[in-house]
Amino acid sequence: MAVTLTESAAKHVADFIARRGKGIGLRLGVKTTGCSGMAYKLEFADAVQPEDRLFESHGVKVLVDPKSLVYLEGTELDYAREGLNEGFRFSNPNEKDRCGCGESFHV
Amino acid sequence: MALLQIAEPGMSTAPHEHRLAVGIDLGTTNSLVAAVVSGSARVLVDHQGRPLLPSVVRYDARGVNAVGDAAAAQAVVDPANTIVSVKRFMGRGLDDVRKAAGGAALPYEFVDAPGMLRIRTRAGDKSPVEVSADILAVLRARAEETLGGQLMGAVVTVPAYFDDAQRQATKDAARLAGLEVLRLINEPTAAAIAYGLDNAAEGVYAVYDLGGGTFDISILRLSKGVFEVMSTGGDSALGGDDFDAALAEWAAREARLGGVHGALRRRLLVEARQAKERLTELESTFFNVPLADGQVLALHVTRKMFEALTEPLLKKTLVATRKALRDAALAAADVKGVVLVGGSTRMPQVRQALRLLFAREPLTDLNPDEVVALGAAMQANLLAGNRGGDDDWLLLDVIPLSLGLETMGGLTERVIPRNSTIPVARAQEFTTFRDGQTAMAIHVVQGERDLVADCRSLARFELRGIPPMVAGAARIVVTFQVDADGLLSVSAEEKTTGVKAQIAVKPSYGLADDEVARMLAESFERAADDLKARALREQQVEAEQIIAATRAALAADGDLLDPGERGAIAALVERLAACAAGDDHLAIKAAIADLNHGTGEFAARRMDRSVKAVLAGRTLDEIGT
């Protein structure tokens with residue numbers, strides 16, 4: 001199973017990377033902290049690590065380390081707007097329970 | 001649920017611990033808030049998509065009635081309770097504002113208050129700090145809604161020429177609005193950061209800022225990652241609004257309108273503004289003038305005509321720009337880059353004039369309305385700790401004018417020289433001037449001039465409880481400390497006893513309305529005068545000291561002299577006193593020398609007497625030990 005971006009998310013990522021002036025893609029990950037067990041990590045990627053799994057979605061490279069991948073299989077990243085706030089949202093089939101903040105989850 | 005943003009590699013934060021920081025351009029006409037979101041800085045808009053918040057607050061009996069566009073719309077019907085351009089009053093006393101207005105009618109009912117004036121509104125007397133805080137609170141709410149969390153802090157920009165009182169007032173306003181101020185930075189510095197000049201080659205940059213109602217020119221030098229303000233200049237009553245007014249007056253003349261007042265004048269100004277904006281893109285357009293009979297006259301106006309009408313205004317800015325270069329002792333060719341700030345720099349004639357003056361293309365990639373806020377946001381993001389390893393630059397700012405204190409004779413003793421990078425702390429030792437002096441008045445001043453009277457007074461405080469000692473025996477260490485925001489605190493400590501006094505320069509606010517640029521220029525122009533004045537004061541202080549000492553000696557040991565000798569010394573004292581009242585420091589010096597010479601014999605006799613007194617009744621052994 002892959003990790004994918006929606007078209008809108010890919011467009012925004014490409015745009016952010018262009019404005020930032022550097023970066024080869026997007027790194028998704030999972031950190032074992034947070035109020036509900038795990039937390040998502042969303043960062044610019046400047047280099048590919050040897051262990052990284054690479055995906056490509058609408059022309060944007062997505063890098064995931066193997067430890068995180070077990071929690072992220074099948075995840076789709078979307079870009080959304082809620083009032084003045086806009087940003088990325090994880091849609092993860094492994095997620096069983098999440099904290100209201102949207103950043104932490106349980107599997 | 002908060003939506004996520006992309007962090008720098010390795011800089012992801014734990015949930016609920018996002019380091020949200022914004023940059024705020026608190027402008028005279030408009031204010032903006034910006035933030036770095038997913039790696040790039042952008043201005044945050046309101047629900048209607050508007051980036052600019054007019055710096056206007058309207059009050060009603062219950063308090064804040066409206067801020068921004070809604071308040072600006074009411075300025076006409078309720079001028080007394082609608083505060084516009086409050087930035088002009090920040091850190092200012094009523095006298096300063098009256099002086100700046102030069103006799104022109106002031107728009108509000110002001111209340112004089114110690115330090116800073118107040119504005120009488122239906123909601124009570126408001127200080128400029130409170131009004132600014134009401135503007136900042138709206139920006140803060142917009143930012144928190146947009147970023148989906150509480151702000152950890154903000155970088156707020158101020159004009160380069162703002163003095164300590166105005167900076168402190170700005171910081172107070174932010175605090176009042178519930179914002180932690182990470183740093184105050186200069187507006188031109190923020191603009192330069194937005195263009196990434198802080199990572200560019202070292203060199204001199206000019207920042208030309210033509211806003212709605214103000215014009216500022218700043219010459220910055222970037223060296224070792226520090227922006228040093230070399231000179232500033234401008235006109236606090238010149239901006240895009242004046243270009244509109246010139247065009248509106250022309251239209252009124254062309255249409256043979258009689259008296260243009262009230263609603264008609266406002267209508268013409270709006271039409272003028274729109275025509276001006278169209279002329280940025282188009283070579284010609286129509287200016288719609290409403291006539292008394294309800295018809296509308298469409299006047300054809302070309303860009304060339306508009307440029308001719310407003311040429312005197314543009315010229316003023318160029319004169320100020322050249323002066324700023326001169327003040328910095330630079331030529332236009334020394335400037336490595338020209339940054340444009342303010343919506344009025346969109347006018348093609350402004351760009352063309354700067355292209356000619358500096359013989360290079362001005363930097364125009366960024367929106368000139370937003371560039372200051374964007375730079376502040378980048379700095380805020382950095383200070384909040386969201387930037388990754390390889391580019392951990394730290395921008396430093398410098399002190400625009402030297403900080404020092406008053407010494408005897410009204411002379412300035414510089415403790416921290418101008419252009420010192422901040423934060424900085426410097427200590428200097430002082431001593432007492434008179435025997436038995438138990439207190440010392442410390443007068444903190446800012447400026448480059450040698451006489452305190454020509455500098456800006458920032459604060460006064462007293463160190464008390466110095467034990468009585470002979471003049472010159474006390475050791476008083478005065479420490480000046482300037483934090484990263486350029487705010488000063490001063491402490492004084494008498495070393496032998498440890499008595500201490502200190503003051504945070506919460507300045508008296510009511511400072512003379514001088515500009516740094518003018519003060520600096522004066523200090524250069526008047527260097528020779530200052531040298532003379534300093535020499536004179538030094539001699540006068542010495543004269544005063546020696547006269548007091550001689551009189552005291554005559555009173556104590558006058559019996560050592562015969563009446564003739566005594567008369568001669570008294571005459572020398574009188575002559576020195578007369579010279580000291582004049583302004584010839586060489587004459588005073590000569591009279592001091594004469595008096596010293598004339599009292600030589602007297603001093604020798606006194607010495608004999610005191611030695612005898614000490615030795616009287618003591619054995620040789622005692623003296624030997």
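## Basis of the description

Because the model is predicted, local features are given where pLDDT is at least 70 and side-chain atom pairs count only at pLDDT 80 or more, while totals for chains, interfaces and linings use all residues. Residues are numbered from 1 along each chain as its sequence is written, and chains are lettered from A and ligands numbered from 1 in the order in which they are written.

## Chain A

Chain A has 2 helices and 9 strands, taken as DSSP runs (H or I of at least four residues for helices, E of at least two for strands) numbered from the N terminus. Along the sequence these elements run β-α-β-β-β-β-α-β-β-β-β.

Of its 107 residues, 37% are buried, a residue being buried if 20 or more other C-beta atoms, placed from the backbone, lie within 10 Å of its own. Contacts join residues whose C-beta atoms, placed from the backbone, lie within 7 Å; among those in chain A with a separation of 6 or more, 56% link residues 24 or more positions apart.

## Helix α4 of chain B

Since 11 of the 13 residues are buried, α4(B) is largely enclosed by the rest of the structure; the buried residues include Arg167(B), Lys171(B) and Asp172(B). After the helix comes Gly178(B), with a positive phi near 80 degrees.

## Packing of helix α6 of chain B

Helix α6(B) (residues 240-254) packs on α8(B) (residues 303-327) at about 130 degrees with axes 9 Å apart, the axes being lines fitted to C-alpha atoms over the stretch in contact and the angles running from 0 to 180 degrees between N-to-C directions. The pair is therefore oblique, the class left when angles under 35 degrees count as roughly parallel, over 145 as roughly antiparallel and 65 to 115 as roughly perpendicular. Asp242(B), Phe243(B), Ala246(B), Leu247(B) and Trp250(B) of α6(B) make this contact with Phe306(B), Leu309(B), Thr310(B) and Leu313(B) of α8(B).

With α7(B) (residues 262-281), α6(B) forms an angle of about 110 degrees, and the axes are 8 Å apart; these two helices are therefore roughly perpendicular. On the α6(B) side the contact includes Phe243(B) and Leu247(B), and on the α7(B) side Leu268(B), Arg273(B) and Lys276(B).

Key:
Contact = placed C-beta atoms within 7 Å. Buried ≥ 20, exposed ≤ 12 C-beta atoms within 10 Å, placed from the backbone.
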